[in-house]
Amino acid sequence: NHSAIEAPFIVPYTTRPSYAFLRRLGRIDYGKDSELPHIPDIGLSAEEALGDNTNRMISISADTIAEVHQEAGLRDNYFESVAANHPEVREFDLKKMYGEEVFEISMDEIKQLIKSTKVTTSSLFPRKFYTELVGRYSGKEEFQLFFNVFRTTPLLSFVDEDCWRKCIDSQKKIIENQIELSKSKIEKSGATLNNPDTSNDEKKNARRVKYLNEIILEINEKNLTLWKDSQIENLRNEFKGFVEQVERKPKKYGFKNQRHAKLILGKALTELSTEVCVSQKGYFFTSGRDGK
């Protein structure tokens, strides 16, 4: 547990230069109502991302990072949890960490960096299929939760009826079991914290267990909403149609033949992600050490 080993050096993620940069750029923040709880939304507001003000400068310094940190309202409960468990956690000095200098970049240069983005796929993973898959579903919020739940499910399992039935039944059972387990751990941790005979070390561990399981519970309760109002079937049917289309016309999507298509469709999204490399030009926000 890195936080236990290096507790004096733990600081909130809201004090990272990258967090301040994305907030100033217009990143849509996330909260309990986000599609994927506790996973930041990296989307940008249309006004900021598509604006014509190419001369606008974004400045990142210890001062601007402090401003963004305050705007965030100290939402980093993980840091608070670590601080509660480790009294030795130091007060962080942003100027000591990042120095007095300022990093500046214009919107025009940011757009040029975005244009430098390159997506490379392996020899087995056709670029045409990748482009079609991402183009169809990456911008649809309703599919974010769906693919998060079924990220380890082979794509062909969405087509085969028997495989699909077994898959959704087992996945729902796993989620329900995880919910019950988290509730049990939260209850036991609460009892430990309320027990006057509990040692300080036991309380530290109970706080950690309670906090982590509250996160897990929230995520799984969100995942379970897929099973309401036939949403999961509607999303499955839409994706199933796409997979069947690829099977019928594999060459249209860059495959050599049906055998090649089945090889790739037999993999899950987590496996396919290892067949893709996304690269882009960029900069380091900092250099040196301890503000020097």
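**Helix packing and strand pairing in a predicted model**

Helices H9 and H12 are roughly perpendicular to each other (angles of 65 to 115 degrees count as such). The model is predicted, so local features need pLDDT of at least 70 and side-chain atom pairs count only at pLDDT 80 or more, while totals for chains, interfaces and linings use all residues. Residues are numbered from 1 along each chain as its sequence is written, and side-chain values use heavy atoms, with hydrogens and water left out.

**Whole chain**

- The protein chain holds 14 helices and four strands; these are DSSP runs numbered from the N terminus, helices being H or I with at least four residues and strands E with at least two.
- Of the 292 residues, 35% are buried, meaning under 20% relative accessible area with a 1.4 Å probe and protein chains only.
- Carbon and sulfur atoms account for 50% of an accessible surface of about 17800 Å², computed by the Shrake-Rupley method with a 1.4 Å probe.
- Contact means heavy atoms within 4.5 Å; among contacts between residues at least 6 apart in sequence, 77% join residues at least 24 apart.

**H9 and H12**

- The axes of H9 (residues 141–149) and H12 (residues 231–248) come within 11 Å and cross at roughly 95 degrees; axes are lines fitted to C-alpha atoms over the stretch in contact, and angles run from 0 to 180 degrees between N-to-C directions.
- On the H9 side, Glu-142, Phe-143, Phe-146 and Phe-147 meet Gln-231, Ile-232, Leu-235, Arg-236, Glu-238 and Phe-239 of H12.
- This contact has six nonpolar, one polar and three charged residues, where Ala, Val, Leu, Ile, Met, Phe, Trp, Tyr, Cys and Pro count as nonpolar, Asp, Glu, Lys and Arg as charged, and the others, Gly among them, as polar.

**H2 and H4**

- Helix H2 (residues 17–25) and helix H4 (residues 62–71) have axes that come within 9 Å and cross at roughly 75 degrees.
- H2 is therefore roughly perpendicular to H4.
- Pro-17, Tyr-19, Ala-20, Arg-23 and Arg-24 of H2 make the contact with Thr-64, Ile-65, Glu-67, Val-68 and Glu-71 of H4.
- By class, the H2 contact with H4 has five nonpolar, one polar and four charged residues.
- Buried residues in H2 include Pro-17, Tyr-19 and Ala-20, along with Phe-21 and Leu-25.

**Strand S1**

- In a regular strand the side chains alternate between the two faces of the sheet.
- S1 (residues 57–60) has Ile-58 and Ile-60 on a covered face and Met-57 and Ser-59 on an uncovered one.
- S1 and S2 (residues 103–106) run antiparallel and are joined by four bridges; pairing requires at least two DSSP bridges.
- Ile-58 of the covered face stands opposite Ile-105 in S2.

Note on methods
Parallel < 35°, antiparallel > 145°, perpendicular 65-115°, else oblique. Buried < 20%, exposed > 50% of the residue type's maximum accessible area, 1.4 Å probe, protein only.
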